[in-house]
Amino acid sequence: MIDIHGLRKRFGPLQVLDGLDLHIRPGRITAIVGPNASGKTTLIKSILGLATPDAGEIRMAGVPVTGDDRYRARIGYMPQIARFPSNLTAAEVLRMLVDLRGPADGSMDEELADLFEITPQLHKPLGVLSGGTRQKVNAMCAFLFRPDLLILDEPTAGLDPVASGILKDKVLRECADGRTFILTSHIVSELEELADDVAFLLEGRVRFSGPVAALKRATGHEQLERAIARVMLRGMPLEAVAS
Amino acid sequence: MTPAVSGATGEPVLRVVTPQARRTARGARPMVKIIQYVMHDVVRGHWLLAYGAFFLLVTEALLRFGGGGTRALLSLANVTLLVTPLVGIAFGTMYLYNAREFIELLLAQPVRRRQLFGGLYLGLALPLAVVFVVGAGVPLLLHGVAEPGDRAALAALLVAGVGLTLVFVALAFLIAVRNEDRIRGLGIAIAVWLVTAVLYDGAVLLVATTFAEYPLERALLALMLLNPVDLARVALLLQLDVGALMGYTGAVFQRFFGTAAGMGLAAMALALWIAVPVLLGQRLFCRKDF
């Protein structure tokens with residue numbers, strides 16, 4: 001789905017991405033994990049075209065993503081912080097997205113509005129909604145156009161356990177439907193539940209990428225949390241072991 | 001759970017997203033859409049209403065207590081030359097900083113950055129300009145502007161206010177795109193306003209009086225083209241026929257130009273003052289990392 005080769009990005013003195021290579025397999029959920037400042041957000045923003053890499057290449061389905069905005073019609077993005085213009089209602093923001101992207105060939109996916117039971121809130125100004133409700137709207141925006149690729153940045157942060165469960169079920173259903181997911185999260189139980197593949201970032205490079213089972217096997221830990229901690233502490237390159 | 005799709009035709013039924021949205025979706029230019037929604041957001045903010053009310057009150061008060069038509073216009077011109085730049089640059093920077101996450105949301109859609117920037121700019125600048133025109137214009141029209149000369153002056157006043165709004169929102173966007181830190185950005189914005197709207201004319205006057213014995217006309221003209229507020233001031237003076245009342249720079253300009261040529265040059269320079277910051281800001285916006 002996504003092929004990244006030799007990605008580099010520097011912010012001032014900080015080399016955030018340092019020759020990053022990654023392959024995101026289609027129809028699977030890839031979790032991007034790593035300590036703070038390891039380049040997770042910059043990687044996501046590079047894929048979305050929000051940040052321009054200094055060097056390297058990102059291809060989506062074989063086509064380089066630079067210079068053309070149309071590939072984003074196939075991506076749904078749920079940013080970490082949900083902030084919208086406070087005077088607009090959620091329905092207006094959704095309508096604007098429909099206006100901008102045009103109706104996809106199928107219908108809009110508004111299922112989450114029903115599941116979260118937020119339909120009445122959609123007609124109130126976003127400024128008066130709670131952070132959790134805004135996060136639900138945020139999730140709805142990502143799924144709305146039935147995109148091939150969904151990028152979810154800490155999707156369950158700010159959601160209560162019920163809503164969090166609804167969202168996770170939705171992710172699993174859509175993945176079974178053939179959609180590809182890129183996910184970041186600090187909640188390891190969530191990763192354990194959702195992730196098929198793990199890409200472990202450290203200092204702007206991918207230190208491990210492969211199926212969750214391979215990571216567990218390579219580190220000798222049955223629990224994902226311990227396996228990740230092990231890679232974090234030793235910082236060992238595990239690619240060879242995994243493949 | 002209700003399915004989102006219904007009907008035998010396979011036509012999507014949008015409950016949240018109304019059918020109206022679908023009608024306009026096809027072929028509509030994205031920038032126009034963005035302008036619409038930004039305007040929506042701006043118009044519902046209370047501060048826009050407050051801004052309109054301010055001009056309404058000031059104009060009304062000046063007309064009632066400020067003496068005859070021309071004198072009221074002159075006072076209003078002074079208020080306009082101070083306030084429209086301040087409001088444009090302050091609200092412009094704040095709006096762009098506050099819209100940061102919203103911009104990121106839009107940038108993740110298949111939208112060109114160039115169009116997004118244009119949409120944000122016009123979506124904010126147009127309501128500000130319209131509110132100014134209504135706030136300042138309606139009382140003047142209601143009280144009736146008697147002489148034909150005053151009518152031209154009124155038109156010049158409205159054009160100058162709109163022009164300054166467009167210039168200073170453009171400068172605000174340029175500042176906000178360039179500066180990641182919003183406190184710094186807001187500080188620079190206020191400083192730019194202070195220099196262009198308050199200090200500049202005084203400095204020019206100082207230069208003029210200090211070097212009074214030298215033929216400085218051309219230099220002063222150049223100095224005026226370098227400041228959009230002075231430019232607007234000149235445009236107003238040429239209409240109000242009161243050059244000497246509003247600083248030395250205006251007097252020079254009036255002497256140098258016949259009104260038609262002077263207005264033409266002022267309008268052209270003002271247009272440049274809008275276009276250059278907009279294009280520079282757009283350029284930076286297109287390359288920025290969010």
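Student: Let's start with A:E154 in this model: is A:E154 buried, exposed or partly exposed?
Tutor: Happy to, and keep in mind that the model is predicted. A:E154 has 19 C-beta neighbours inside 10 Å. A residue needs 20 or more to be buried and 12 or fewer to be exposed. A:E154 therefore counts as partly exposed.

Student: Where does A:E154 lie, and what is its phi?
Tutor: A:E154 sits in the loop between β7 and α5 (161–176) of chain A. A:E154 is not a glycine, yet its phi is positive, at about 45 degrees.

Student: Another residue to look at is A:A61; in which loop does A:A61 lie, and what is its phi?
Tutor: The loop holding A:A61 runs between β4 (55–60) and β5 of chain A. With 13 other C-beta atoms within 10 Å, A:A61 is partly exposed. Although A:A61 is not a glycine, it has a positive phi of about 50 degrees.

Student: What is the bridge partner of A:F11 in β2(A)?
Tutor: Strand β1 (residues 2–11) of chain A pairs with β2(A) in the antiparallel sense, over eight bridges. In β2(A), A:F11 has as its bridge partner A:L14.

Student: Now the open sheet of six strands in chain A: what is its strand order, and what is its average twist?
Tutor: The pairing is mixed, and the order is β6-β7-β8-β3-β9-β10. β6 (75–78) and β10 (205–211) of chain A each have a single partner strand, so they stand at the edges. From one strand to the next, the twist averages 15 degrees.

Student: In which sense do β7 and β8 of chain A pair, and which residue of β8(A) is the bridge partner of A:D153?
Tutor: Strand β7 (residues 149–153) and strand β8 (residues 180–184) of chain A pair in the parallel sense over five bridges. The partner of A:D153 in β8(A) is A:T184.

Student: What angle does helix α1 of chain A make with β7(A)?
Tutor: Helix α1 (residues 40–48) packs on the six-stranded sheet. There it touches β3 (29–33), β6, β7, β8 and β9 (197–202) of chain A. Its direction relative to that of β7(A) makes about 150 degrees.

Student: Is A:L94 buried or exposed?
Tutor: A:L94 belongs to helix α2 (residues 90–101) of chain A. Its C-alpha atom is separated by 8.3 Å from that of A:L144, 50 residues apart along the chain. Because 24 other C-beta atoms lie within 10 Å, A:L94 is buried.

Student: Turning to chain B, how many helices and strands are there?
Tutor: Reading along the sequence gives α-α-α-α-α-α-α-α-α-α-α-α. Among its 290 residues, 45% are buried. The count for chain B is 12 helices and zero strands.

Student: How are α3(B) and α6(B) oriented, and what is the handedness of their crossing?
Tutor: The axes of α3 (residues 46–65) and α6 (residues 113–143) of chain B come within 8 Å and cross at roughly 25 degrees. That angle makes α3(B) roughly parallel to α6(B). By class, their contact has 14 nonpolar, four polar and one charged residues. As for handedness, the crossing is right-handed.

Key
Residues numbered from 1 in each chain as written. Chains lettered and ligands numbered in written order. Predicted model: local features only at pLDDT ≥ 70, side-chain atom pairs only at ≥ 80, totals over all residues. Helix = DSSP H or I, 4+ residues; strand = E, 2+ residues; numbered from the N terminus. Axes fitted to C-alpha atoms, helices over the stretch in contact; angles between N-to-C directions. Parallel < 35°, antiparallel > 145°, perpendicular 65-115°, else oblique. Left-handed = near helix turned anticlockwise from the far one by under 90°. Nonpolar A, V, L, I, M, F, W, Y, C, P; charged D, E, K, R; others polar. Pairing = 2+ DSSP bridges. Contact = placed C-beta atoms within 7 Å.
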